[in-house]
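Work through the exercises below with the sequence and the model open side by side. Try each task before reading its solution.

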Amino acid sequence: MKLQDELPMDHHLATVYRAGAALCGCILLVFGGLGFASALSSFDTSGDRIAGMTSNTSLSVISVVAGLSLLAGAVVGGNFASTLNMLVGGLFLLSGFYHLFVLDRAANFLDFGMTNVVFSFVMGLLIITFGMYGRVSSKLSHDNPYWRTRHPREAAEEARVRDGDPRDSTPPATASLPAHDEARARRGGPDRG
């Protein structure tokens, strides 16, 4: 499966990728902005809670950068937004797993609590789902542009049938004639040889 397959610019999937990236990007920008508003130090691990989660300036910076990158993906749209959603969503999932193992340890420099881990998993799954929607599945519909790109012969056959082109299943009348009779048939008369 190739994820670089091209999506037509006017396809409705582009709207899903853009909307998903914009929605998740805005959520991350709000969280990062609230973290900056509480003016925590960069690696403080005993700050106030923001929207039920712990935060520090470093986590706010990461949230803002991730949010801005998703908004940039929403502006560009198409395959870029889809691929970016999958990448950022995957990073959120990895972050959730990492911080799940370093809770209450010195390696927890972003001050993650259990609510942060759950948020990271939920946000990662949401972002990655927006990125994979209509693109990664074992049963894509046959009108899907990714399916058509991955199965060009079947797509061409379906398009031919849909457009009502006659099937080329009957061979031409001269195909079963011997070679000298075929030459005579092409000339339009008996062989004068």
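**Exercise 1.** In which helix is Cys 24 found? Then place this residue in its surroundings.

*Solution.* This is a predicted model, where local features need pLDDT of at least 70, side-chain atom pairs count only at pLDDT 80 or more, and totals for chains, interfaces and linings use all residues. Residues are numbered from 1 along each chain as its sequence is written, and side-chain values use heavy atoms, with hydrogens and water left out.

Step 1. Cys 24 is found in helix H1. Helices (H or I, at least four residues) and strands (E, at least two) are DSSP runs, numbered from the N terminus.

Step 2. Check burial. Cys 24 has a relative accessible area of 1%, so Cys 24 is buried. The classes are buried under 20%, exposed over 50% and partly exposed in between, with a 1.4 Å probe and protein chains only.

Step 3. List the contacts, meaning heavy atoms within 4.5 Å. Leaving aside neighbours within four places in sequence, Cys 24 is in contact with Leu 70, Met 123, Leu 126, Ile 127 and Phe 130.

**Exercise 2.** Find the residues of the largest nonpolar core.

*Solution.* Step 1. Apply the rule: a nonpolar core is a set of buried Ala, Val, Leu, Ile, Met, Phe, Trp, Tyr and Cys residues joined through side-chain atoms within 4.5 Å.

Step 1. Eleven residues make up the largest one: Ala 21, Cys 24, Leu 28, Ala 66, Leu 70, Ala 74, Leu 84, Val 88, Phe 92, Met 123 and Ile 127. At least two of this core's residues come from each of H1, H2, H3 and H4.

Step 2. Look for another core. One of six residues lies apart from it, and includes Met 53, Leu 59, Leu 110 and Phe 112.

**Exercise 3.** Is Asn 85 buried or exposed? Name its contacts.

*Solution.* Step 1. Asn 85 is found in helix H3. Its relative accessibility is 1%, so Asn 85 counts as buried.

Step 1. Neighbours within four places in sequence aside, Asn 85 is in contact with Tyr 17, Ala 21, Leu 70, Ile 127, Ile 128, Phe 130 and Gly 131.

Step 2. Cross-check from Ile 127. Not counting residues up to four places away in sequence, Ile 127 touches Cys 24, Leu 70, Asn 85, Val 88, Gly 89 and Phe 92.

**Exercise 4.** How many aromatic pairs does a search of the whole structure find? Classify the pair of Phe 97 and Phe 121.

*Solution.* Step 1. The search finds two. Rings of Phe, Tyr and Trp (its six-membered ring) pair if their centres lie within 6.5 Å; planes under 30 degrees apart count as stacked, over 60 as edge-to-face and the rest as tilted.

Step 1. The ring centres of Phe 97 and Phe 121 are 4.9 Å apart and the planes are at 70°, so this pair is edge-to-face.

Step 2. Phe 97 lies in helix H3 and Phe 121 in helix H4, so the pair ties together parts 24 residues apart in sequence.

Step 3. Phe 97 counts as partly exposed, at 46% relative accessibility.

**Exercise 5.** Summarise the whole chain.

*Solution.* Step 1. The secondary structure comes to seven helices and two strands. From the N terminus on, the order is α-β-β-α-α-α-α-α-α.

Step 1. Of the 193 residues in the chain, 34% are buried.
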